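I opened this chain to look up its fold, its packing and its confidence. My entries follow the structure.

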Amino acid sequence: MAENGKAHQTVIKKYANRRLYHTGTSTYVTLEDLATMVQNGEDFVVYDARSGDDITRSVLTQIIFEQENKAGDDNLLPVAFLRQLIRFYGDSMRTMVPSFLEFSMANFARDQDGLREKLAQSFGPSAFQHALEEQVRANMNFFGDAMKMFTNFGPPAQPPGGPASPPIPAAGSDLDDLKRQMAEMQQRLEALAKK
């Protein structure tokens, strides 16, 4: 099935002069054109014309960077989110972040479409904007709670003056301990998703 999806992807080639070439239309395109393609749901892959390397991720990141620079006060990514994201580079939990972000964005997109439709039928544009802002706040709170989960692993905090009860012995090995922590995190994620 993954190969079937790749068969329908538009191929974009990036040349040494930094120009992007759309092989489907045989024209040069800009990052703005690629952003419009993403917004229209068109799937594409970007290859370095010289090496043949897949550079789609870096081009999409560049599009986000340009969108954030031109957004002014209407930036999409809050500074606190960006800082937390940077902190996960090099963190032992970084392998879980992409799956969590994909899950969160898919849920947000699903909820956003339903919310947009209901509000457009019931109220005017200003009511929709307010409800959407509330949904964004709720999703950011959800994301913040989940990020706290990632950073709360480790020994429990000790009250001043020493522990109130004797420490629990280790599970035997680092692998057992990691499995236990992963199971706890999975339970917390499932509980958050049910909210």
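In which sense do strand E1 and E4 pair, and over how many bridges? I find strand E1 (residues 10–14) and E4 paired in the parallel sense, over five bridges. Two strands count as paired if DSSP finds at least two bridges between them. Thr10 has Phe44 in E4 as its bridge partner.

Ground rules next. I am reading a predicted model, in which local features need pLDDT of at least 70, side-chain atom pairs count only at pLDDT 80 or more, and totals for chains, interfaces and linings use all residues. Residues are numbered from 1 along each chain as its sequence is written, and side-chain values use heavy atoms, with hydrogens and water left out.

**Sheet.** I count seven helices and four strands in the chain. These are DSSP runs, numbered from the N terminus: helices are H or I with at least four residues, strands E with at least two. Along the sequence I read α-β-β-β-α-β-α-α-α-α-α. The four strands form an open sheet with mixed pairing, in the order E3-E2-E1-E4. Strand E3 (27–29) and strand E4 (44–48) stand at the edges with a single partner strand each, so one side of each has no neighbour in the sheet.

**Core.** The largest nonpolar core has 12 residues, among them Ile12, Leu20, Val29, Phe44, Val46 and Ile55. Such a core is a set of buried Ala, Val, Leu, Ile, Met, Phe, Trp, Tyr and Cys residues joined through side-chain atoms within 4.5 Å. Buried means under 20% relative accessible area, with a 1.4 Å probe and protein chains only. Helix H2 (31–39), E4 and helix H3 (56–71) each supply at least two residues of this core. H2 gives the most, with four residues. Another core lies apart from it and has seven residues, including Phe100, Phe143, Ala146 and Leu192.

I also checked Ile55. Leaving aside neighbours within four places in sequence, Ile55 is in contact (heavy atoms within 4.5 Å) with Lys14, Val46, Tyr47 and Asp48. Of the 195 residues of the chain, 22% count as buried.

**Confidence.** How far does the predictor trust this chain? Mean pLDDT, the predictor's confidence in each residue from 0 to 100, is 78 for the chain, and 73% of residues reach 70 or more. Among the elements, E4 has the highest mean (96) and helix H1 (residues 2–7) the lowest (48). Residues 1–5 stay under 50 and have zero contacts beyond four places in sequence. Residues 165–171 are also below 50, with two contacts beyond near neighbours in sequence. Where pLDDT is low, the predicted coordinates should not be read in detail.

Conventions:
Buried means under 20% relative accessible area, exposed over 50%, partly exposed in between (1.4 Å probe, protein chains only).
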